[in-house]
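Hi everyone, thanks for coming. I'd like to walk you through one protein model, starting with a single side chain and moving on to charged pairs.

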Amino acid sequence: MRKVLVFVLWSAAVAVSLDAEPLRIPFGAAPVVDGAFTAAEWPGATTVEFVAAGGAVRVRVHLIHDGNRLYVAFEYIENPGGELVIPEILIDPSNGKAATWQADDWWFHVSAQDCDAQGGFDNYARGGITRPLWSGMPNFKPDPYSVALPAIEVGIPLSMTSLAIGVPFGLALTVNSWPSNTRGYWPDV
């Protein structure tokens, strides 16, 4: 029997139709979170796509879990301008669907440092090259001469965010492309 995590579409920016069919995050072997994305490490993963930088950057996101962690890979399949693409994962564990951040909501960010916050976003106080409970790889160099990366992989413990297998939760994904400083969102806002 396959175990799945169920999530519904959620965004801090807008309310999303509650009639949307939930996506399922399948159970699978844990990929190595090293930023060296290969499709072979993510067999059977649920995938979604969206764009950033005015449509120039195309992002494919792969989602899978191993019963202990939620794994998310941001694969940048088109990036002709060589933008730095900074991913963020937004999780609403209670699936409250509120239009504003709630105390249980989580924000995860990977760039020069991995940062996370509960109850808000863009809070860089809890950041570092590595975080004690979760990982996002690889990190950018903290300078304007960083090179665009082809992918970033993230592993978040289900227990950290109070996610439970089979229980719906809210999820939104976003990327910030730099130097154009434009965002892309899934679901689309």
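So, where is aspartate 66 found? Aspartate 66 sits in the loop between strand S4 (57-65) and strand S5 (69-78); strands here are DSSP runs of E with at least two residues, numbered from the N terminus.

A quick word on the ground rules. This is a predicted model, where local features need pLDDT of at least 70, side-chain atom pairs count only at pLDDT 80 or more, and totals for chains, interfaces and linings use all residues. Residues are numbered from 1 along each chain as its sequence is written, and side-chain values use heavy atoms, with hydrogens and water left out.

Back to our aspartate. Aspartate 66 is buried yet has no salt bridge. Buried means under 20% relative accessible area, exposed means over 50%, and partly exposed is in between, using a 1.4 Å probe and protein chains only. A salt bridge is a side-chain nitrogen of Lys or Arg within 4 Å of a carboxyl oxygen of Asp or Glu. For aspartate 66, the nearest side chain of opposite charge is arginine 69, 6.1 Å away; Lys and Arg count as positive, Asp and Glu as negative, while His and the chain ends are not counted.

What does lie close by? The backbone nitrogen of arginine 69 is 2.8 Å from a polar atom of the aspartate 66 side chain. That side chain of aspartate 66 also makes a polar contact with the side chain of tyrosine 71, at 3.1 Å. A polar contact is a pair of N or O atoms within 3.5 Å; within protein, one must be able to donate a hydrogen and the other to accept it, and residues adjacent in sequence count only if both atoms are side-chain atoms.

Now, how many salt bridges does the structure hold? There are 7. One of them joins arginine 60 and glutamate 49, with the closest N and O atoms 2.8 Å apart. This pair links distant parts of the chain, strand S4 and strand S3 (residues 46-52), 11 residues apart.

Another salt bridge brings together glutamate 88 and arginine 183 (3.2 Å, N to O). Glutamate 88 is in strand S6 and arginine 183 in strand S13 (residues 182-186), so this pair ties together parts 95 residues apart in sequence. Glutamate 88 is buried, at 4% relative accessible area, whereas arginine 183 is partly exposed, at 32%.

Terms used: Helices (H or I, at least four residues) and strands (E, at least two) are DSSP runs, numbered from the N terminus.
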